[in-house]
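Hello,

Here is the structure I promised to pass on. Please open it first; my notes follow below.

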Amino acid sequence: RLVEEEDGVEGPAGNGVVETTGEGRPAHGLLHLAARQRMNTDLRRSIFCILMGSVDCEDAFVKLTKLNLRGKQEREILRVLVDCCGQEAVYNPFYALVAKRALEAHPSMKFTVRTVYWDVLKQMEGMKARRAANLAKLLGALVREGSASLDILRTLEMGLTSLPEEAVIFLTVFFSDLLEHCDVKDLENIFGKAQRKEDGGSELCTSMSVFLMNYVKKSPKNIKHSKFRARLKAILKVCKPSSDALCF
């Protein structure tokens, strides 16, 4: 349920009924909500109303496909989707499922994922913790599905010991999401691709390993003999294979 949402208008796959006209068009309440969410073009409002008014991810994908968007218009789907995900009171996996379907149908949109998240990372300072956590979990889902890569994080200086609180929340939730949902083999593949990247891959992995040791290592889930610890060690081994930081 969107934090800014008015009573009587339910979010995607919610328990209530989205207001519509007899012809299936979004009613005034949903359009008013779109305006309050700063959906300032007809296209953005249309995408927003489809996301908020769909029964499930497949319903949303079908409706979005019927918009017959091309080029720059098509990219607005991910921009609106990311914005809506960030506004939810709690993370809703609906958005990741819709993104997955859209990216499967239009692989060229993967670059849009990168640019959208680069914009998110630029605006990290002052971001609400809820929004940072929601967007971190969405990115985690996209990385797990192969729709995004760790290269997106290269714009964040993760090696700093004094990162902004919002960035720490985002990165901690993101890496924890990967550690909880991926097995060792998948993690080695995800982080191995980053390490093997010729353009700055080694620097990115070094930066990530510093963050993992400074923050994620302190997680209460990092207990002896846990899957979390085994997976964290696997990541660190890929990022810094010669490091003595693996001894913990």
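Helix α9 has buried residues, and what covers them includes α7 (129-144), α8 (165-181), α10 (201-214) and α11 (227-239). Keep in mind that this is a predicted model. The buried residues of α9 are Leu187, Ile190, Phe191, Gly192 and Ala194.

The geometry of α9 checks out. The helix runs over residues 184-196, which makes 13 residues. At 1.5 Å a residue it should span 18 Å, and its end C-alpha atoms are 18 Å apart, so the two values agree. Look at the start of α9 too. There, a side-chain oxygen of Asp183 comes to within 3.3 Å of the backbone nitrogen of Lys185.

Next, α7. This helix is mostly covered, with twelve of its 16 residues buried. Those are Arg131, Ala132, Ala133, Asn134, Leu135, Ala136, Leu138, Leu139, Gly140, Ala141, Leu142 and Val143. Which helices supply the cover for them? They include α4 (72-87), α5 (94-105), α6 (110-122), α8 and α9. From first C-alpha to last, α7 reaches 22 Å, close to the 22 Å expected at 1.5 Å a residue. Just after the helix, Gly146 takes a positive phi of about 80°.

One arginine deserves a look. Arg44 sits in helix α2 (residues 42-53). Is Arg44 buried or exposed? Its relative accessibility is 15%, under the 20% cut-off, so Arg44 counts as buried. Leaving out residues up to four places away in sequence, Arg44 touches Arg38, Met39, Glu76, Arg79, Val80 and Asp83. Arg79 is 35 residues from Arg44 along the chain, yet their C-alpha atoms are separated by 8.8 Å.

Now the whole protein. The secondary structure comes to eleven helices and zero strands. The chain has 248 residues, and 49% of them count as buried. Take the contacts between residues at least 6 apart in sequence: 68% of these join residues at least 24 apart. The accessible surface is about 12500 Å², and carbon and sulfur atoms hold 51% of that area.

Best wishes

How values were computed. Residues numbered from 1 in each chain as written. Predicted model: local features only at pLDDT ≥ 70, side-chain atom pairs only at ≥ 80, totals over all residues. Heavy atoms only, no water. Helix = DSSP H or I, 4+ residues; strand = E, 2+ residues; numbered from the N terminus. Expected span 1.5 Å × (residues − 1). Buried < 20%, exposed > 50% of the residue type's maximum accessible area, 1.4 Å probe, protein only. Contact = heavy atoms within 4.5 Å. Polar contact = N/O pair within 3.5 Å; in protein donor to acceptor, adjacent residues only side chain to side chain. Areas by Shrake-Rupley, 256 points an atom, 1.4 Å probe, with all protein chains shown as cover.
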